[in-house]
Each structure stands twice: as C-alpha cells, then as structure tokens.
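Please look over the sequence and the structure shown here before reading the notes below them.

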Amino acid sequence: PAVLLVGRDTTEVTAAMRALAAREHRIRAIMDTVMDGIVTIDEEGTLLNANLSVERIFGYSLTEVVGSNIATLLPDFDTRQRDGSIYNYLANSFGTVIGVGAEVMGLRKDGASFPVHLSVSELRVEKRRLFTGTIRDLSENRQLAQRVDYLANHDPLTDLPNRSLLTERLDQAVTHAREAGGLVAVMVADLDGFTTVNDSLGHESGNLILRETARRLAQNTGAGGTAARLAGDEFALVVRGLADLAEVGRTVEHIRDVLARPYMIQGTELTIAADMGIAVYPRDGEQPLDLLRNAEVALHSVKRLADAQLGFFDTSMSFAVTERLTLERSIKAALDAGQFELFFQPQVRLGDFRLVGAEALIRWRHPELGVITPDKFIPVAEETGLIVPVGAWVLRSACRHLRQWNDLGLSGLRMGVNISGRQFRENNLPDLVAEAIAEESIDAAALDLELTESMLMADGEGTLKMLRALAHLGVALSIDDFGTGYSSLAYLKRFPVNTIKIDRAFVRDLDQDEDGRVIANAIISLAHSLSMKTIAEGVESETQAAMLARYGCDEIQGYLIGRPLPAADFLSFVGKYESLARPLPQLHEGGET
Ligand code: C2E
Ligand code: CA
Ligand code: CA
C-alpha cells in the first residue's frame, strides 16, 4: 500500500478570501453609512440585500426584508401584477433608460406611506441580471429643505422674519401701495438700555425680553404687515394700508405704547423704553432699501438726543407727534398736580326762567399758560385713554360741588356731567357713578349724565345694557349735541333717556334761516312725543330764546344766561340771578327787548 499525500499551499487562497471578506466588509460599511437606502433585487423583485438605512427609512429589520418582495417596501413595484419582469416595469415606468430617478411611494412597517426618490441601475453578476436601487426618503428631505429655507429667512430666537425677508415683504408692500395707493410706514425700534439689562440680569432674561418684544410687534402689524428682528435689540415693523399721515401718527403712537408696557422678568416688572425711527413711503423714499435706511437714520438721530423717543425721517412729522406726547405726559402730571378744575354753566327753565341746573365743564388751570379749554386736551385724553382717570375725577368733583351747594341751601339744582365715549365703554362706569353718589350722599336724580349720539349708536346690546345699568342707579341721562350725529329719535326711543340737548348749530341757525327753525321745531315736537325733555344749547340772544319758547322747548343754556364760571363765581351768579329772574313775556321775537 502506498499513501499519496497531496499538499496544497493555501496561503494565497486564504489571503484572497480574507481580502475578499475585508473588501465586502468595507463595502458593507460604506453602504451602511450612506443616508440613502440601498437595495439589490433580482428580476422577480426579490430583495437580496439591503443596507442599514433601509431599516431606518422603512422601520423593518434587515432580516425581515431580505428575501421578501420589493413590493413590501415599494408597493408600486408589485411586479407580480405585471409581466413579472422588473426590467420591463422599469423600462415602462422610467422610459428606456434605467437609472433615471423617479418619485414613488414608499410603505413603512407601521403602514404609513411617504414619498421616496428612487434611482435604479442594472447590475450584471455572471449570467444573472440584478438591480440596485437607491432610495431617498423625501419626507425627511422636504422637512429639512423647509427648515433650511426657514432659517435662511428667520431669526431663530424670536421666530420673526430677518432683514432679508423683511426687505422682500417691504418690497411687496411698496408695490401694492404704488398700485392701490395708501402709505406704508417703516418703523425701526431699538430697546433703550437693553445691554445693561442683559448684562445685569443675564442672557436668559435678555432673551425673554427680546421674545416678548417680538411677540408684541408681531401682534400689531395690522393686515399684511411684517415684524422683523434686524439685529441684537433692533426690530423693524412694516405697516401697510395707511390712509394718511394722521393715521401713520396714530399707528406709531400705538406701537410706542405697546412697547412701553412693562415686561415681567423673573417676577418683577421692568420698564424698557424703545427708541423708534420712522420713514414713510412714498414721502421718505420709493425703494424698500431707502426706506429701511432712512428709518434707521431717523432712529440714530433720535438716539443722540437725551429725551426724544420718536424720530421721523421727516422732522416736521416728528414735531407734531412729539407735541402730542408732551401733551399726554402733561395731562397725566396735571391730574396729579390738581390743575384741573370744573366750571359751571347755568341752565334755566324757559317757562319761568328759574335756574334748574348747571353743566360741569372741565378747565385746565395751567401754571404758565393760564386756563386751557377742553377742546385743546380732551381729544388727546380720549385717544390715549387718559380720559378714564380724568373723567372719574370730573364725576367725583361734580358730586362734591353738588353736595356743597346742597349744604349752602341751594337745593333742587341738577348737575350735568359730560361722559366721553371711552368712559362709556368701560364696564365699571356704573360702579364709579354709584360710588361718587354714595361718597357725597347726593340725590342720584340730581346727577345728569350727558352722552352723545355716537356712543348710543355703537353696538346695540352692550349700549342698552350700560344705559339700563346707569338708569337703574336713578341718574338722569341726556343726549348731548343732538342732531350732529345721524341717529333718529325713533331709534333712541328704546333707550332710557330723559333729555335731548339740541346742538348749538341748530340754535345758531334759528335767526338765520327757515330751515333752522323747521329743524329745531321738529326735534322739540318729536322729543315731546317720545316723552323726552328738550334743552337748547348755545342760546346767545333773546330772539333765539323766544323762538325756542314758542316751539315749546323746556330749558336753555348759553351765554344769554351765563358763561361757564368757576365754582365761586357761579355761586355769586346764582345769588344775583335769583333776584333778577325775569318772566318770559318780557321777551320779544325779533331782537328788540
Ligand atoms: P359741550 O358738552 O357741548 O359743552 C358746551 C360747550 O359750549 C362748552 O364749551 C361751553 O362753554 C360752550 N358754550 C356754552 N354756551 C355757549 C354759547 O352761548 N355760545 C357758544 N358759542 N358756546 C357756548 P367748552 O366748555 O369749551 O367744552 C367744549 C366741549 O368739551 C364740551 O362740549 C364737551 O364735549 C367737552 N367737555 C367739557 N368738559 C368735559 C368733561 O368734563 N368731560 C368730558 N368728557 N368732556 C368735556
Ligand atoms: Ca355737554
Ligand atoms: Ca353740547
């Protein structure tokens, strides 16, 4: 017997196999680091191989998918419903060239379908025809693209648009205004002393302030407007569709108020003033970049001044608004300093010329400017809401005077108090009135609240509720300046109103023309038919008084009887008047007395 030993040197083979394994491993590793899913399938669509991203994208583990049909992942590839050849499918779906990408739907293990981008290439391995597909999850991709786009146009801290998006929006606003008319205001604001706050309270607090400022601005952009963060503590606001410069002024003041509200930081209130620079299209520039630059120029010129907080690119505008701001601050100070005072104007009954009441009219006794009449400051007080504290002061003060008159033996006098629209919309007005009456323990019926038509015209149900609440207190209600609004007496009938005050304009027209007489006569008759009393305002001549008497008007008020007087003068007027009171027959129509 012989033994034949055959020995073979396998060094090379093992090395080659190792190298092959290593290469496969490397390829595998590369495939697994690719974000896209990579699959290899045969002509029947059976999945031969997949990388790790397939697990991530589709939610299956690789052992679950390898060996199954590709239709599990990409239902569109259900080759069994076609001719069984994925090649034909691909050829039909993508045209003759394989490898061109297409968007198809993917199906996740949890049943959700989502868009994927698929590229296919053909792979010949010996005689077999295989295909590799690269699958990109578009849902991830889209979110990412949107996020990138968002970040390019927004400030991540406040989520506001950044300068580039603002410029784009401003461009749209300007284009629109060029066609449709109207003004566009560009405001640039910067928080005064923000750096100090940031340094002393910390970045977290600083960020809170910036986010809160952003929120306030974003809520006040108006229709189609844009708020943006330009840099650090610099913000911008574009407001469009403004009718005229007056509206620009009001908008700017409103934004200033919004920014001036205290910030709640770490449980304490913090007031941070904002400086603002304003430019207006088309006056201060035609191009978005010019407007933005001019607003910034205005801001920087404001910052150089110690006190100013608003700067218009056009300085005349600055002046008008600053003047109003000064007035606003002065009104507040005047209230605290007790510079307001009530004057009283007598009201008499036409039948016997007896004194029946007085209207309280506010005056501002200014230390330098002297006595200022309400038309100079009531409108600003109305707009800024200061009328609410001022009006409350008027109410209390009027009741206090009435109490004094009663104490002096002047009983039976009625006290007229003007109520502004803003006050009328404050829900606590009835409480305020009740308190004033109780404090001075006066007769509620002696208090006569003068309301205007426009107040009664607004919002039917709320108005009715408010009027009922006031009437319930027992006070009298009058409609001031009647005839200047557009309300009809028939409309006012449903309100618990006692008296109509005929506006001065109709009284003035009494001795001018026939129309004036017809209107005054009609108002008086109508009021009476609705059981309302009438009082004519601004009666300056005996002729006017005589005519009003003839039409049956109940009472008059005006220079003929007396001008509004300070409290002390009013009292001495009353003393003299009572002894002077003349009966009506002495009056003659036609002016000669
Ligand atoms: P009003 O309520 O119509 O007050 C009557 C105004 O006519 C008063 O002006 C009065 O001085 C003036 N007047 C009175 N008789 C005559 C006259 O014979 N001829 C002429 N040409 N004018 C006469 P005043 O005091 O300057 O008040 C102006 C307006 O300011 C008032 O109009 C009223 O709307 C408002 N107002 C005055 N006081 C207050 C107040 O305490 N609160 C509120 N909310 N408004 C007030
Ligand atoms: Ca009045
Ligand atoms: Ca009036």
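Predicted model: local features only at pLDDT ≥ 70, side-chain atom pairs only at ≥ 80, totals over all residues.

Residues are numbered from 1 along each chain as its sequence is written, chains are lettered from A and ligands numbered from 1 in the order in which they are written, and side-chain values use heavy atoms, with hydrogens and water left out.

**First calcium site**
- The calcium ion (ligand 2) is coordinated by Glu359, Asn418, Glu450 and Asp480 at 2.1 to 2.3 Å, where donors are N, O and S atoms within 2.8 Å of the metal (3.2 Å for Na, K and Ca), and water is not among the atoms, so sites may look incomplete.
- Along the chain, the donors of the calcium ion (ligand 2) follow the spacing E-x58-N-x31-E-x29-D.
- Distant parts of the chain are linked in this site, with Glu450 in strand 17 (residues 447-452) and Asp480 in strand 18 (residues 476-482), 30 residues apart; strands (E, at least two residues) and helices (H or I, at least four) are DSSP runs, numbered from the N terminus.
- Glu450 counts as buried at 1% relative accessibility, and Asp480 is buried too, with a relative accessible area of 7%, where buried means under 20%, exposed over 50% and partly exposed in between (1.4 Å probe, protein chains only).

- The protein donors of the calcium ion (ligand 3) come from Asp480, Asp481 and Glu537, and lie 2.2 to 2.4 Å from the ion.
- Asp481 lies in strand 18, whereas Glu537 lies in the loop between strand 20 (533-536) and helix 21 (542-550), 56 residues apart.
- Asp481 counts as partly exposed at 26% relative accessibility, while Glu537, at 10%, counts as buried.
- Asp480 coordinates both the calcium ion (ligand 3) and the calcium ion (ligand 2), which are 3.8 Å apart.

**Ligand 1**
- An oxygen atom of ligand 1 is 3.0 Å from a side-chain N or O atom of Asp480, and an oxygen atom of ligand 1 also lies 3.2 Å from a polar side-chain atom of Glu359.
- A polar side-chain atom of Glu537 is 3.5 Å from an oxygen atom of ligand 1.

**Largest pocket**
- Among the 34 residues that line the largest pocket, Glu359, Leu361, Pro374, Asn418 and Asp480 lie nearest its centre; a pocket is an open set of points on a 1 Å grid over the protein atoms alone, where a 1.4 Å probe fits, with protein on both sides within 12 Å along at least five of seven lines, and lining residues have an atom within 4 Å of a point.
- Strand 14 supplies the largest share of this lining, 5 residues.

Definitions and conventions: Polar contact = N/O pair within 3.5 Å; in protein donor to acceptor, adjacent residues only side chain to side chain.
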